Amino acid sequence: MLNFSVNRPSDRTLPQQVYDQISSRILNNEFQAGERLPSSRELATNIGVSRNVVLEAYDQLMIEGYIEVRPGSGTYVSQGSSLLVKKSEQPSLSEDQHIVSDPLPSVDSIDFKASNPAMDYFPRSIWGNLTREVCLQSEDRLFGYNPSQGITELRNTLRRYLSRVRGVNCHPEQIIITSGATQGLYLITKFLTTQNKKVIIEDPIADEMLPIFKNAGADVLPAPVDEKGIVTECLPKQHDPSFIFVVPSHQFPLGGTLPIQRRIQLIEYAREHNAYIVEDDYDSEFTYEGIPVASMQGLDPENVIYVGTFSKILSPSLRIGYMVLPWNLVKQIRQKKWYLDRHTGTIDQMVLAHFIKEGYLDRYVRRMKSIYKQRRKAMVRSISKHFSHFKIHGKAAGMHLVLELDGVDFTKSLVNRLKEQGVIVYPIEPYAISKGEHKNKIVMGYGSLTEDLIEEGVSRIKAVLEMH
């Protein structure tokens, strides 16, 4: 006799529960092919539901092929409807994965992660009002399929913004809107390494960058970075790379700004080796001394691919990035973008276009520059208070600096001890491809931390080092 219970308060309807019970037993071979099932009336009586519930479940099982009805005979399990279900084993996690997935310490954690914006200042009401206006007032086309390169409104607005703020020289048709800078970098790497897989990248480099290039099939060649950015004298002479990846305005993680002499040398190197320069410009709006350095793209628009994002400026959840491409790359990379995800979400694109065009972005950046500047000062003040032998690297820009402490080796065990005391720091050494040069340096992000938390975090670092 087929008998089972149903759960009336469940989110699953009664017909769904009956369907689930029978289909799982058929799949698990508890009912053999050709075996007769009870009539709808009999099963309804057994499990205490109406006959219509069972009839609806039987109809669905029959549509999906689990059962078949033989006129004048009854309902039977169909041939070939059982499946041996393999039990999956939980994979063993690597040491790094264990570190990432460990629960937070019991004490309140102070996380010095770089590039974390101050989300408590995100302009929610403005963004929400603009989203409502866009949804209610936009033409129907916005809610359909749109061009892979992004909507015209955002590309036009972005072209004017980048020209004014970053000195980027381009036409709106050269801009492709992406789902974050990560997608843009992947697309560029995948396309440019089709014939030549060699790519020069800065060393050290942000930890998410190396996997992007390698997963796209690149053969990575590291070039050293000092306090001024990539060392152009060390660029390999014997290789012709497809492109050179640089962060010239605020290098991550060391924080340097590439001077004009090196920018020119880099452009000359790229021209000589028939290579592109991929310029990542992730947070240059936040400069606290003087004015932001102009983009490299403005110096050589036909050889520099400019990549930017709004994840660091506004919110990581806003997955809108962009590429500014030389004309000869536009058509091919548009096609690759189409095959990858058709197009980036158009409602957020339109909201962002209004946010920029109506001046909200400029006002927001001015406000956040003031806040981040004060937080940077608080960081420097706390470091000076608690340490006597130190160096601070990185131009007064962005949302992080690099702290170098004499005689300290930020090993994994030391980082874990700091974490146990509620402080999460990020050593430079794991970002480096060539090891051994940065053992006493850590990234200290301050974007998402209040001045009180910065002071408390630095004091905890001092206390742990005194015990170490």
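This is a predicted model: local features need pLDDT of at least 70, side-chain atom pairs count only at pLDDT 80 or more; totals for chains, interfaces and linings use all residues.

Modeller: Residues are numbered from 1 along each chain as its sequence is written, and side-chain values use heavy atoms, with hydrogens and water left out.

Colleague: Fine. Why is α5 called oblique to α11?

Modeller: The axes of α5 (residues 124–137) and α11 (residues 346–357) cross at roughly 120° and come within 9 Å. Angles under 35 degrees count as roughly parallel, over 145 as roughly antiparallel, 65 to 115 as roughly perpendicular and the rest as oblique, so α5 is oblique to α11. The axes are lines fitted to C-alpha atoms, for helices over the stretch in contact, and the angles run from 0 to 180 degrees between N-to-C directions. Helices here are DSSP runs (H or I, at least four residues), strands likewise (E, at least two), numbered from the N terminus.

Colleague: Which residues of α5 and α11 meet?

Modeller: Contact means heavy atoms within 4.5 Å. From α5 there are Ile126, Trp127, Leu130, Thr131, Val134 and Cys135, and they meet Ile347, Asp348, Met350, Val351, Leu352, His354 and Phe355 of α11. Sorted by type, the residues of this α5 and α11 contact give 10 nonpolar, two polar and one charged. Nonpolar covers Ala, Val, Leu, Ile, Met, Phe, Trp, Tyr, Cys and Pro, charged covers Asp, Glu, Lys and Arg, and the others, Gly among them, are polar.

Colleague: And what makes α1 oblique to α3?

Modeller: Helix α1 (residues 14–27) packs on α3 (residues 51–63) at about 50°, with the axes 8 Å apart. By the angle ranges above, α1 is therefore oblique to α3. The contact uses Leu14, Pro15, Val18, Tyr19, Ile22 and Ser23 of α1, and Val53, Glu56, Ala57, Tyr58, Gln60 and Leu61 of α3.

Colleague: How do you know whether histidine 386 is buried or exposed?

Modeller: Buried means under 20% relative accessible area, exposed over 50%, and partly exposed in between (1.4 Å probe, protein chains only). Histidine 386 comes out at 16%, so it counts as buried. It sits in helix α12 (residues 360–386) and touches Glu455, Val458, Ser459 and Lys462, leaving aside residues up to four places away in sequence.

Colleague: What makes arginine 334 and glutamate 173 a salt bridge?

Modeller: The rule asks for a side-chain nitrogen of Lys or Arg within 4 Å of a carboxyl oxygen of Asp or Glu. In this pair the closest N and O atoms are 2.5 Å apart. The partners are 161 residues apart, with arginine 334 in α10 (residues 327–341) and glutamate 173 in the loop between α6 (152–166) and β5 (175–178). At 19% arginine 334 counts as buried, while glutamate 173, at 29%, is partly exposed.

Colleague: How do you know glutamate 466 is called exposed rather than buried?

Modeller: Its relative accessibility is 59%, so glutamate 466 counts as exposed. Lysine 462, at 26%, is partly exposed. Their side chains form a salt bridge, 3.8 Å from N to O, and both lie in α14 (residues 451–467), four residues apart, about one turn of the helix.

Colleague: How many salt bridges does a search of the whole structure find?

Modeller: The search finds 15.
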